[in-house]
Amino acid sequence: YDLIFSSGVFHHIDKEARLPAIKELEKKKKKGGRIFVFEHNPINPFTRTVVKDCVFDVGVELIFAGSFKKLFDSIGFGKTRISYTLFFPRYKIFKCLFFLEKYFVRIPFGAQYFLEAKKFS
């Protein structure tokens, strides 16, 4: 595949099974293709509260962006980038602030982050 996309999946995968899952994605990716993985950001206190209270997230372990990046880097992804998103609640009252989020992508407090991984093999 040229593009592989995952959103909110890896925190449901047992810690020991995450690296094999990443390796499987890497096998399916074409040379020069990209993998995008969105996950909840455990640094954000609101995110932790929402996940703790969600019936679908009972027993999950949120993944810190840095440790997730290390998993990708450990199998040779040399072009791995973390960006943070969802800094403001999605209510009309905050809509006037949404444009600011593109300037905050390196600040690790967004409710979610995404990892972009690219490998040329």
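# Notebook: helices, core and pocket

**Entry 1. Phe 56.** I looked up Phe 56 and found a relative accessibility of 68%, so Phe 56 counts as exposed, the cut-off being over 50%. I note here that the model is a predicted one. Phe 56 sits in the loop that runs between α2 and α3. I then looked up how far Phe 56 is from His 12: the two are 44 residues apart along the chain, and their C-alpha atoms are separated by 9.3 Å.

**Entry 2. The nonpolar core.** Which residues touch the most other members of the largest nonpolar core? I found that this core has 18 residues, and that Ile 35, Phe 68, Phe 72 and Tyr 113 touch the most other members. I also looked up where the core residues come from: β2 (34-40), α3 (65-74), β3 (79-85) and β4 (112-118) each supply at least two.

**Entry 3. Phe 72.** Phe 72 is in helix α3. Its relative accessible area is 0%, so Phe 72 is buried, the cut-off being under 20%. I listed its contacts, leaving aside neighbours within four places in sequence, and wrote down Ile 22, Ile 35, Val 37, Phe 77, Thr 80, Leu 115 and Ala 117. I also looked up the pair Phe 72 and Glu 116, which are 44 residues apart in sequence and 9.8 Å apart in space, C-alpha to C-alpha.

**Entry 4. Helix α3.** Next I went through the helix that holds Phe 72. The buried residues of α3 are Ala 65, Phe 68 and Phe 72. Down the axis of α3 these buried residues fall within an arc of 65°, so they line one face of the helix. I keep a general rule beside this: an α-helix has 3.6 residues a turn, so residues three or four places apart point the same way. On the face of α3 turned away from the buried side I found the exposed residues Lys 70 and Ser 74. What covers the buried residues of α3? I found that the cover includes α1, β2, β3 and β4. After α3 comes Gly 76, with a positive phi near 95°.

**Entry 5. Helix α1.** I repeated the search for α1, residues 15-28, and found Arg 18, Ile 22 and Glu 26 buried. Seen down the axis of α1, the buried residues fall within an arc of 70°, so they too line one face of their helix. The face turned away from that side carries Glu 16 and Lys 27, both exposed. The cover over the buried residues of α1 includes β2 and α3. Ile 22 I had already written down as a contact of Phe 72.

**Entry 6. The largest pocket.** I looked up the volume of the largest pocket and got about 300 Å³. The pocket is lined by 16 residues, and Phe 46, Thr 47, Val 50, Leu 86 and Ala 111 lie nearest its centre. Which helix gives the largest share of the lining? I found that helix α2 (residues 45-53) does, with four residues. By class, I wrote down 10 nonpolar, four polar and two charged residues in the lining.

Entry 7. Leu 86 is in the loop between β3 and β4. Its relative accessibility is 30%, so Leu 86 counts as partly exposed, which is the class between under 20% and over 50%. I also noted the phi of Leu 86, near 60°, a positive value in a residue other than glycine. Phe 87 lies in the loop between β3 and β4 as well. Not counting residues up to four places away in sequence, Phe 87 touches Glu 101, Phe 104, Ile 107, Phe 109 and Gly 110. I looked up Phe 87 against Leu 19 and found them 68 residues apart in sequence and 28 Å apart in space, C-alpha to C-alpha.

**Entry 8. Tyr 84.** My last entry is on Tyr 84, which is found in strand β3. Is Tyr 84 buried or exposed? At 12% relative accessibility it counts as buried, because the cut-off is under 20%. Tyr 84 touches, among others, Asn 41, Ala 65, Ile 107, Phe 109 and Tyr 113, residues up to four places away in sequence not being counted. The C-alpha atoms of Tyr 84 and Phe 109 are separated by 7.1 Å, and the two are 25 residues apart along the chain.

Note on methods:
Residues are numbered from 1 along each chain as its sequence is written. This is a predicted model: local features need pLDDT of at least 70, side-chain atom pairs count only at pLDDT 80 or more; totals for chains, interfaces and linings use all residues. Side-chain values use heavy atoms; hydrogens and water are left out. A nonpolar core is a set of buried Ala, Val, Leu, Ile, Met, Phe, Trp, Tyr and Cys residues joined through side-chain atoms within 4.5 Å. Buried means under 20% relative accessible area, exposed over 50%, partly exposed in between (1.4 Å probe, protein chains only). Contact means heavy atoms within 4.5 Å. The arc is that of the directions from the helix axis to the C-beta atoms. On a 1 Å grid over the protein atoms alone, a cavity is a set of points where a 1.4 Å probe fits but cannot get out, and a pocket is an open set with protein on both sides within 12 Å along at least five of seven lines; lining residues have an atom within 4 Å of a point. Grid points are joined across faces, edges and corners, and a volume is the space filled by probe spheres set on the points. Ala, Val, Leu, Ile, Met, Phe, Trp, Tyr, Cys and Pro count as nonpolar, Asp, Glu, Lys and Arg as charged, and the others, Gly among them, as polar.
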